[in-house]
Amino acid sequence: MKRLLVTGLVLMFATAFAFAGGAGEEPGPSDDGVTTIRIVGKDFSPSEEWNIQHIRQIESGFAEYSGEQIEIELVQVPEGAYAEKLNLMLLGGDIPDLIYFQGGDEVIANQGLLVDLLPYVNASSVMQDVLMEFNMQRLENYPYLLWIAPPRGRTAVVREDWFEEAGGEVPETIDDYYELFAAIKANHPDTFVMTDTGNTARMDYTFDHAFGLTATWVMEDGGYVYKKVSEGERDKLEFYQRLYAEGILDNEYVTTAWDTMEDKLYTGQVGLVYGTAGIVLDIYNDKLAENQGVNLVPLPPAQGVGQGYSVSSAKETRGWAISATSEHPDLVFELLEFMASDEGQFLDRYGLEGIHYTMDGDTVVFTEEKSNWWPRFHEVMSWDAPTPMLGPAGLTGWDFLLEYSVGDPDFPIPEELSPTWDALENLYKEYSYKIISGEYSISRFDDFVEEWYALGGDRVTEYANEVLR
Amino acid sequence: MDQSRVLLRKRIYRDRHLYLMLAPVILFFLVWHYIPMWGARISFQDVRYIGQNEWVGLKHYRMLFSSPVFGRVFLNTITISAMKIGFFFPLPIVFAFLLNEVRSEGVRRGVQSVVYVPHFLSWVVIAGVFISLLASPDGAVNKVLQFVGIEPIRFMTSTRYIRWVFVVSEAWRSVGWDSILYVAAINSIPQDLYDAAYVDGATRWQQAWHITLASIVPTIITVFILNMGFFMNAGFDQVFNMMNDAVINHVDIIDTYVYRVGLTKGNFSLGTAAGLFKGVIGLFLIFTTDRLSRRVSGEGLW
């Protein structure tokens, strides 16, 4: 009996551990000149048929581009928050050749597990053509992540009919913006003019520079000061407080998520939102046209002390990294390069022929599935698409970005200061909401600043001044 | 061979089928609860993705405790947990009592099914429902308040009410499910006791108090002591999905703090340190509550 019980338990253990170990396979060795490249990416699962078809077309395109035969193997990330699950997967020892990070990369880079991409980028004529200045600055600060996409600026977009009713003048200054908001409110007293998502980060893109918040760390009295404790921030919060009190800014913006923000736009609860320039604005525009029969008008950033969108040069917050354990780092980089080339962009941006588009001679004709496709690798801003990808709203947003983007010499907060930084940001969140909502008067901003420095802001400010000088 | 060992072997052989049925449960606890305890050592190490982890002693504990907000986060955790235990713990017992008094089998089953359903909803969905009910002055709850002459309250952004929103939403989600144990305990009370009490002239209230409640006291104590082990788990999913900038400093708990500062940045050692810290407190609370319970009521966990 004892033997039976012991044997039974051993068998169960063995079975459990065998399954617990998963079905991971080591990448196969090069066979007949075909090199396997393992890739892990967000929403780039091997269980999606479109992804499989896409990597097959990339393999063919890459063979023509470089003469190299590759086989791409997509790695499945366990279900859940991508950054967290990816790190757990890597911690388990499964480290693919090419890894998309959306946070959590610094710990790994600090251990020397990511390839320094700067020498590759400097030697690549394709990369030199497609990377923008801010990309290069970020790579110089942190050479482990490559992310080729337009800067993530949020552009104000207003529904055309409300805009025209309010005079149709494109606002320039803060006062112009206020007049536009007030006119819209007068025409639609039962609705809010605009909303944001949980905080005012989207609105800030339009107003920060006008209030003198032209960088994360701004000069005040001969030293660098965090913008959120600067005088400009006080003026901005006072302005937002006025918008809130007059029913211009949605009084529920702090509990509004991105999906409810969109819903409010499409159902006429607000007339102005702030969206990521590019294809996102087109999506907003198309859905608004579908639901309300009107288009969106993009608006430029407000003019004041400055005018522009800050583009941080600290580091990429997301992007592609090559594992230092990869046996083929040169080939993996060449794949990244191919995806940034005209040929690669055609594949990655248009999607799958017959599904997302068809060809009419040399012209790409989009199908209804176009809106369900997004580039898996890069979104090169300077790519001269044979058939334009963006509509008027998206294109205007991009034009604003090109015209008004301003470099922000920011830096990553070091690990030892990150708990303090978290505390400081939370302090700002609560104070800013209470000031904007009118629970605190603007005079409480001084209390906030004092508390901010006492909580550890002085240490971070000292560090910032050392770095920035 | 020793007589007692022979007896033990005989007993095991006699109950072999029961032991076999128990084996998967033991295996489950070994694989998912005991073997992972060995992983807690990474709270004293810097994790290396390749190669040996580096022993750093109490570095991650210092990082956890030295944060300028740790005291507040710790206090938030204790406050929210205490509110949940204080106000929520009795509800499933009351519900089981009330359910026991329902005479129609069909109605009882129907009510049970309905109140179990919220347990299967994710906190993402529940948070969406509560935000739409409570955030706006035009929400359903505020409409009712206005109807009875009370000024609308922005519950989700009010530092005064948000913790109560956690208690109420937790109760809404879990009262039915948590009452299962008590319903089972009440159902196992012999009918003879009620019959004898009835013959002796006991009222329904007296029967409920002296038979029903008295019979399930051991179950209540056991559940209470076990709940104390989870005292430091104030409910990550719930808080994470319901928190917003207006109330963040009043509802930020250890789990949400560690998630932001540690896990999203790949710092698993910090997360493990927080987990071990919570576990040690939970274990301490289990033993303390057990001893207190033995002294006061004579009932305990073991």
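**Close-up views of a predicted two-chain model**

**View 1. Chain A comes in two domains.** Chain A is split into domain 1 (34-147 + 316-340) and domain 2 (154-312 + 409-468), with bounds that come from an automatic or database domain assignment. The C-alpha centres of these two domains of chain A lie 33 Å apart. Keep in mind that this is a predicted model: local features need pLDDT of at least 70, side-chain atom pairs count only at pLDDT 80 or more, and totals for chains, interfaces and linings use all residues. Residues are numbered from 1 along each chain as its sequence is written, while chains are lettered from A and ligands numbered from 1 in the order in which they are written.

**View 2. Here are the nonpolar cores.** A nonpolar core is a set of buried Ala, Val, Leu, Ile, Met, Phe, Trp, Tyr and Cys residues joined through C-beta atoms within 7 Å; buried means that 20 or more other C-beta atoms, placed from the backbone, lie within 10 Å of a residue's own. The largest one has 107 residues, and A:Val157, A:Val158 and A:Val273 have the most contacts inside it. Helix 17 (residues 418-436) of chain A gives this core its largest share, seven residues; helices here are DSSP runs of H or I, at least four residues, and strands are runs of E, at least two, numbered from the N terminus. A second, separate core has 53 residues, including A:Tyr82 and A:Val380.

**View 3. Now meet the neighbours of A:Val158.** Skipping those within four places in sequence, A:Val158 is in contact with residues including A:Phe163, A:Leu272 and A:Leu299. Contact means C-beta atoms, placed from the backbone, within 7 Å.

**View 4. This is an open sheet in chain A.** Its four strands run in the order 2-1-3-10, with mixed pairing; two strands pair if DSSP finds at least two bridges between them. Strand 2 (69-74) and strand 10 (319-322) of chain A are at the edges with a single partner strand each, so one side of each has no neighbour in the sheet. Strand 3 (residues 98-101) of chain A pairs with strand 10 of chain A in the antiparallel sense over four bridges, and A:Leu98 sits opposite A:Ile322.

**View 5. Look at this hairpin in chain A.** Strand 5 (residues 217-220) and strand 6 (residues 223-226) of chain A pair in the antiparallel sense over four bridges. Two residues lie between these strands, and A:Asp221 in the turn has a positive phi of about 50°. A:Glu220 has A:Gly223 as its bridge partner.

Terms used: A residue is buried if 20 or more other C-beta atoms lie within 10 Å of its own, exposed if 12 or fewer, and partly exposed in between; C-beta atoms are placed from the backbone. Two residues are in contact if their C-beta atoms, placed from the backbone, lie within 7 Å.
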